[in-house]
Every structure is written in C-alpha cells, then in structure tokens.
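Visitor: I have a protein model to look at. Please walk me through it in short steps.

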Amino acid sequence: YEFIIFLLIGLLSHCPSSDSLLNTCTCTNLTSLSVYGKAQNRSDERLAEFTDTIGNRVSGSKNLDLNVHLELVKIPHWVRGEESAVMLLPRNHTLAILGLGSSVGTPPGGIEAEAMVVESFEELKKRASEAKGKIVVYNQPFVSYGETVTYRASGASEAAKVGAVASLHPHTGWQWYQPGVAQIPTACITVEDAQMMARMACRGQRIVVRLTMRDQTLPDVDSYNTLAEITGSEHPEQVVLLSGHLDSWDMGQGAMDDGGGVTISWEALSLIRDLGLRPKRTLRTVLWSAEEPGGVGAAQYFQQHKANISNFNLVMESDLGTFSPLGLQFTGSDEARAIMKEVMKLLATINVTSLEEHGEGTDVNSVHYVFFPGASLHTADQRYFWFHHSDSDTMSVQNPEEMNLCSTVWAVVAYVVTDLDGMLTR
C-alpha cells in the first residue's frame, strides 16, 4: 500500500504556519489552480493510479484495507462464490447472472424451478397463489433509482413471502432480507433476458430455470473510515465535511462509483493546502467504508462523533459520478440556503451556480436532515446507470476536464463555508 500512503501523505501532513497563510480565499485562484494550473488533471491521475492498482473494493475485502489515518468500523463480509443460471425451457439459454450482496447460496445441487415473471410487487401480490415453489423474475421498468432500487433491496423477501424459492431481476448491488422472512437466493440478470422471459410468459410458454449460487456471508470484519483534514485556525472543533465512499461493488474498478467522489474530496484539500489557505473551521475529508451495504461506515462514524454533532456545519457527499458539474443539491434552513446561493455565485467563471433542492447520499441521508445541513454534487449524470455496478465502471468512464471542474466546485464551496464568520443555521 506504499503508493496509497504516498498519494494521501500530503493531506495528512501539517498545514503551513499561520504566518504563511493567505488572508482571504481567492476562489479564482482555486479555479485557476485546478482547471489551468499545476493541479490540472491531478484528480484524474490520482484516481487512475488508485483504481489501476487496487481495482474494486467490495465490503470486507482486503482491497478496502488502507493504512492511513483511520477510524475503526465493523462491516459486513459477504463473499461471492461460483454462480450460474441456465434457462432450460422453452429453450436452452445460459443466463448472465450476478448474485446480490448478502444473498444466501442455493443448496449444493442448485435450484431447478419454473419461473414466474412479474412487473411489480402489486402483480406479485395479485398472483401470490401461483408463486409457491417458483423462481420470481422481476421485469420491472426502470423509472428512477429511488423507485426502482426497492426491487433490488426487497425483491427476495417479497418473493419469499408468497412461497418463491429464488428471485431474479435486472439490477445489481446489495439487498437486505426482512426479519422473520425466509432467506432465498437472489441474483441480477440482464435487462434483455428479463424482457425475453416476459415475452415468453406472455405467449404462455413454460419457463424453467436452474440456478446455482455458492455465495455466503461470513462474520463481520474490521475496516476503517479514512480521514484527512486541515485544522481550523479559529474554531477547530467546528467541522465542514467532504466525503465519498471508498468501497465499491465487485465489478469493474469502481472508478465512477465512487472513486471519483473519493478523489475530488481529497483533491479539494490538496488545492486548498497548495494555496496555503487555512480556514476558520476544520475542513475534513472522510472516505467512507462499506457504503454499498447501506452506509455502514458512515453510520458508525456519526455514532462515534455524536458528542460533537452540533459542531458539524455542513456535510457534503459526492456519489453520483464526477461528470460535468451542474450545481449543488442542498438540504437546510431557508437562511442557510440563502447563504449557499451566494456561495454558488462564486463559481460563475465555470458556469456552475445552480443551488437545487434535496442534498442526498446514502452515507449522510440518515443524519443530516436531523442534525445539520447537507449537500451533494449534481453532475450531468445521464450516463451513470450505463456503468453503475458493472464491469464497465472503469477509468474509461472518467473525463479529466470534468474532474477538474468537480474538484473546483468541491474546493470552493468547502473552503468558503469553512471560512464563514458564523455557522450555517440548522
């Protein structure tokens, strides 16, 4: 891990002495440094070196264990085993599958059963009497991540409630079993195969699938949230927090989800330190562990720091790609929103001045609505789900110029808010 220590050592070292600090934040200087100056493309280069060397970083794996400034957390350890699926009727066809995170495995000989295709939970309930002993195939249309992800998260348990022996659907990632409900194997299939089976079902053809999965969940393991910060010059106990999640799904390199968010969060600190700036409050970057299993590392971080929660001024997360930035999504009081609108005006030179509703992110959603203002980076993310949780999530998705701009937005907003005379109102 020597190269990781090398990449992060600049963030973990002491800031310049107060005598050498600039008296004011020059947002133009931050922009020039990131977009045109010596830091141009630096975030993209760091991300490439990181993902090329480490690769994907699924929760519980050794690739997620980094020896830098760390805070201990306990995280799930699910291991993908051999997986296969074959449609035996109405014709022989090998199905490309990917087990969902936390799925149980099949019995040693696999499961061979008739498939029942549904488009929604509502249809599943209406046809509950048909589901016993079958493999439920969800062919739900993609509406939005927020609406459609419920099929990934809860599809297995909903199928188990009506007696199904397994479930398949076209969206991969982590899933959660509901307490008191039988745990059945569940996996992702391609959109094309889900639609094909739906057409077969509409024609009245009997569909039989054999599913084999050797996946298993092992005891929780130790992992770490990775921290770096510039200590505040006047109010070191007050914190503005930048973040992205260090873990990834176990396909591709995790460059987009969420290597980009991780990289711009540490690049923002680097840009500010390069200019010798030291804001009034502490500016902290946290690279979360175990976001994919449901924000596990973040939940434990905020529990560990609950005594200082009232001193968190703003928490920011980037987890929807580092494409061309469009603005900032923000959740907070009307007074805080008015201040943030003024902050965003400072980014007029790169045409990123929009302040939108609903700051979001798995790692901070559960706490910032209650305790402090939250913000998330909004980018031109129309292509995000082309690559999400797939082998295509590699450095080929990333664009150096777009990452420069994202780093600029992150650095300018973080620095200005950290250096305000007062804290944002709750």
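Guide: What follows is a set of questions and answers on this model.

Guide: This is a predicted model, where local features need pLDDT of at least 70, side-chain atom pairs count only at pLDDT 80 or more, and totals for chains, interfaces and linings use all residues. Residues are numbered from 1 along each chain as its sequence is written, and side-chain values use heavy atoms, with hydrogens and water left out.

Visitor: What is the mean pLDDT of the protein?

Guide: pLDDT is the predictor's confidence in each residue, from 0 to 100. Here 91% of the residues reach 70 or more. Over residues 1-25, though, the value is below 50, and this stretch has 46 contacts (heavy atoms within 4.5 Å) beyond near neighbours in sequence. The mean for the protein is 90.

Visitor: In β10, what is the bridge partner of W78?

Guide: β1 pairs with strand β10, residues 216-230. The sense is antiparallel, over nine bridges. In β10, W78 has as its bridge partner T217.

Visitor: How many residues of β13 are buried?

Guide: Buried means under 20% relative accessible area, exposed over 50%, and partly exposed in between, with a 1.4 Å probe and protein chains only. β13 pairs in the parallel sense with β11, over five bridges. It also pairs in the parallel sense with β16, over three bridges. β13 is mostly covered, and its buried residues number six of six.

Visitor: Why do the buried residues of α9 line one face of the helix?

Guide: The buried residues of α9 are A336, R337, M340, V343 and M344. An α-helix has 3.6 residues a turn, so residues three or four places apart point the same way. The arc is that of the directions from the helix axis to the C-beta atoms. Seen down the axis of α9, the buried residues line one face because they fall within an arc of 115°.

Visitor: Which exposed residues does the other face of α9 carry?

Guide: The buried residues of α9 pack against β13, β14, β15 and α12. The face turned away from that buried side carries the exposed D334, E335 and K345.

Visitor: Is S407 buried or exposed?

Guide: S407 lies in helix α12. It touches S34, S43, I264, E267 and L271, not counting residues up to four places away in sequence. Its relative accessibility is 1%, so S407 counts as buried.

Visitor: Which helices do the buried residues of α2 pack against?

Guide: Helix α2 covers residues 27-35. Its buried residues are C27, L30, T31, L33, S34 and V35. They pack against α7 and α12.

Definitions and conventions:
Helices (H or I, at least four residues) and strands (E, at least two) are DSSP runs, numbered from the N terminus. Two strands pair if DSSP finds at least two bridges between them.
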